[in-house]
Amino acid sequence: MLMLKKFLRDVPAVLGLLIVVIAVILALFPGLLVDNVDRVNRGDILQRLKPPSPDLPFGSDDLGRNIFDRVVMGTRSALTISTLVVSLSMIVGVPLGLIAGYRSGWVSSAIMRVTDVFLAVPQLILAIAIAQILGRGATSAMIALAVTYWPFFTRTVYAETQKIRASLFVEALEGYGASTTRIMLFHILPNVAAPVIVRATVGMGFVILTAAVLGFLGVGAVPPAPDWGLQISEGRKYLPVHWWYATFPGLAILFLVLGFNLLGDGLRDLVDPRLRRS
Amino acid sequence: MLLFLIRRLILIIPVLLGLLLLTFLMLRLGGNDPAAAIAGDNATPEMIERIREDLGLNDPLPVQFWDYLVRAAHGDFGVSAYSQRPVGIDILDRLPATLELTIVALVLASVLGITFGALAGIWRNSIFDHTVRVVSVAGLATASFWFAIMLQLVFSMGLEILPLRGRLPTGWTPPPDITGLYLVDSLVTGQFATFWYAFLHLVMPAVTISLGGIATIARFTRSAVVAAMHSEYAAYEQAVGYPRRRILMPYVLRNSLVTPVTQIGLLFGAFVSSAVAVESVFDWPGLGSYLVEAIFTSDFNAVLAVTLVIGAIYGVVNILVDMTQGLLDPRVAETM
């Protein structure tokens, strides 16, 4: 309860939570704002490239599709990709970090050396290469992003586990004869959960940004998917006259990532008072 | 310090080997056939088979990898399937453009980030502080390629004060190739008009790339300054009666710089990443746009070599950062 009270007093964090909650609701029920969800990829050619107006709040694109509808639908695509990527990365990265941090010896060093290799090159570059090899598409982009993001979880969990392993209660458990699996799953894992949650929240923002770059460069979502990165790359061709086409999807990215970052900062302040923003 | 440097340089080697192995396996086991890419759309299966044989693609994988390593050790990265030139030459051609861009962005991010962050920390909870915080949080959430396009929309297409793309106006002769950095080369040879144009072309790409960096550095500097101003030594100096300025400049700021400097090094990876997309937006003839071209044309040799070069630069920058930390903080230097 004290935690909740502290969190509610952090205005930016609450704002972030609000943005994220609204985005999740829109992703689950786009019908709240979009008239006909099934028609978002079909346009009215007579209505092509119309500027923003009360009927078309964000204007229409080159195929006469309602950009507002497509931006709203893009929330679903962005959140699906980022949730799956972050979950996959956690499934791979957290156990590896636990093992590497708790055990010592060659298994541990092998895991950490592989992690080093993945972190030795900027994530985006690795992701573009993998996505291209797997063939263009949202699924490839997701796999590529997960392959590049898991080492961050391994690093985080590894560092925390090493700290906890040295503590007295772990020694006591070992003395009682608790099995390694038991110690790792029931005693260490709950203790590293907080930093993992913070990492995951910030990771959501990072993945949304990177997925947008993949879409923009043409190795992510395939037309006519209402993907934000893809929309910006299509809208770019109609600048400067039809400025609204590329502008609004970018603003949507900005808001959603901002939401996750603010929320992540707030959670970090709660979890780790040492890093508190003064 | 020297021992530290040597030890760290040796430690990069296994990481680079791992990186090469990773990209090698990815590209070989992936679906794209480099032989088919070279042969073109009208090739017969026999022609593709001949090219496969020439490239050594029919050898066992470990043999192929070993061949690649041996050649790479001699500085031979093979021929680019796309440009038909040695990949090493292609990279040397492209590298200066990216270096110029990232160095200018890094300087911009450090100067602006440290200035804004330090001032925000000194004037805590002022309007300036709040503005810096809001702007930096938003800066970190902005997709760089979109920001680049928005800058083009406003400053090139709308106000028409900055050039849209490239490193120099179309048809303008580049300065003589001394370092490959246009700003330096044109200045050294006294071509001031070229310098001015090169500078104008750099403004938007560099600002775009540094955006996230300014934000990160400002945030870290701010919290470090706040922490240092509340430290015991600052309180002591205040009690002894040092004027505020004497406490701030040499003591608080120097102590506050250690964390942001680490961040600057970590940012380099982010800069190279955003250079990939930003170079495409601005048609900047650097390594980033080269890599994108190479990946789309299944240019196997080029992708491997660029990944290696970026990994190596990344590793060296991290060492430089650790050494700078030693210079700033004698306590760190002792552990080296």
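What does the secondary structure of chain B come to, in helices and strands? It comes to 15 helices and 0 strands. The model is predicted.

**Chain B overall**

The C-alpha trace of chain B spans about 85 × 50 × 40 Å along its principal axes. Chain B has 336 residues, and 49% of them are buried. Among contacts in chain B with a separation of 6 or more, 70% join residues 24 or more positions apart. The accessible surface of chain B is about 16,400 Å². Carbon and sulfur atoms hold 68% of that surface. Chain B carries 19 positive and 25 negative charges, and their mean positions are 15 Å apart.

**Helix α13 of chain B**

Helix α13 of chain B covers residues 287–296 and is mostly covered, with 8 of its 10 residues buried. The buried set includes B:Leu287, B:Gly288, B:Tyr290 and B:Ile295. What do these buried residues pack against? In chain A, the partners are α5 (123–134) and α8 (180–217). In chain B, they are α5 (87–122), α12 (258–281) and α14 (300–328). Just after α13(B), B:Ser298 takes a positive phi of about 50°.

**Salt bridges**

Over all chains, the count comes to 13 salt bridges.

| Salt bridge | N to O distance |
|---|---|
| A:Asp116 and A:Arg113 | 3.2 Å |
| A:Asp265 and B:Arg219 | 2.8 Å |
| B:Arg167 and B:Glu100 | 2.6 Å |

Take A:Asp116 and A:Arg113. Both lie in helix α4 (residues 106–119) of chain A, 3 residues apart, about one turn of the helix. An α-helix has 3.6 residues a turn, so residues three or four places apart point the same way. A:Arg113 is partly exposed, because its relative accessible area is 47%.

Now the pair of A:Asp265 and B:Arg219, whose side chains meet in a salt bridge. This pair crosses between chains. A:Asp265 sits in helix α10 (residues 244–271) of chain A, and B:Arg219 in helix α9 (residues 192–229) of chain B. Are the two residues buried or partly exposed? A:Asp265 is buried, with a relative accessible area of 6%. B:Arg219 is partly exposed, at 26%.

The side chains of B:Arg167 and B:Glu100 also meet in a salt bridge. B:Arg167 lies in the loop between α7 (144–158) and α8 (182–188) of chain B, and B:Glu100 in helix α5 of chain B, so the pair ties together parts that are 67 residues apart in sequence. B:Arg167 has 8% relative accessibility and therefore counts as buried. B:Glu100 is buried too, with a relative accessible area of 4%.

Chain A also holds a network of salt bridges that links A:Asp61, A:Arg65 and A:Arg70.

**A nonpolar patch on chain A**

Which residues make the nonpolar surface patch of about 710 Å²? They are A:Leu17, A:Val21, A:Val24, A:Ile25, A:Leu28, A:Phe29, A:Leu32 and A:Leu33. A:Leu32 lies in the loop between α2 (11–28) and α3 (67–102) of chain A. Why does A:Leu32 count as exposed? Its relative accessibility is 60%, and exposed means over 50%.

A:Leu33, one of the patch residues, is in contact with A:Asp69. A:Val34 is in contact with A:Asp69 as well. These contacts leave aside the neighbours of A:Asp69 within four places in sequence. A:Asp69 lies in helix α3 of chain A. A:Asp69 counts as buried because its relative accessibility is 14%, and buried means under 20%.

Terms used
Residues numbered from 1 in each chain as written. Chains lettered and ligands numbered in written order. Predicted model: local features only at pLDDT ≥ 70, side-chain atom pairs only at ≥ 80, totals over all residues. Heavy atoms only, no water. Helix = DSSP H or I, 4+ residues; strand = E, 2+ residues; numbered from the N terminus. Buried < 20%, exposed > 50% of the residue type's maximum accessible area, 1.4 Å probe, protein only. Contact = heavy atoms within 4.5 Å. Areas by Shrake-Rupley, 256 points an atom, 1.4 Å probe, with all protein chains shown as cover. Lys, Arg positive; Asp, Glu negative; His and termini not counted. Charge placed at Lys NZ, Arg CZ, Asp CG, Glu CD. Patch = residues over 30% accessible without salt bridge, like charges linked within 9 Å, V, L, I, M, F, W, Y side chains within 5 Å. Salt bridge = Lys/Arg side-chain N within 4 Å of Asp/Glu carboxyl O.
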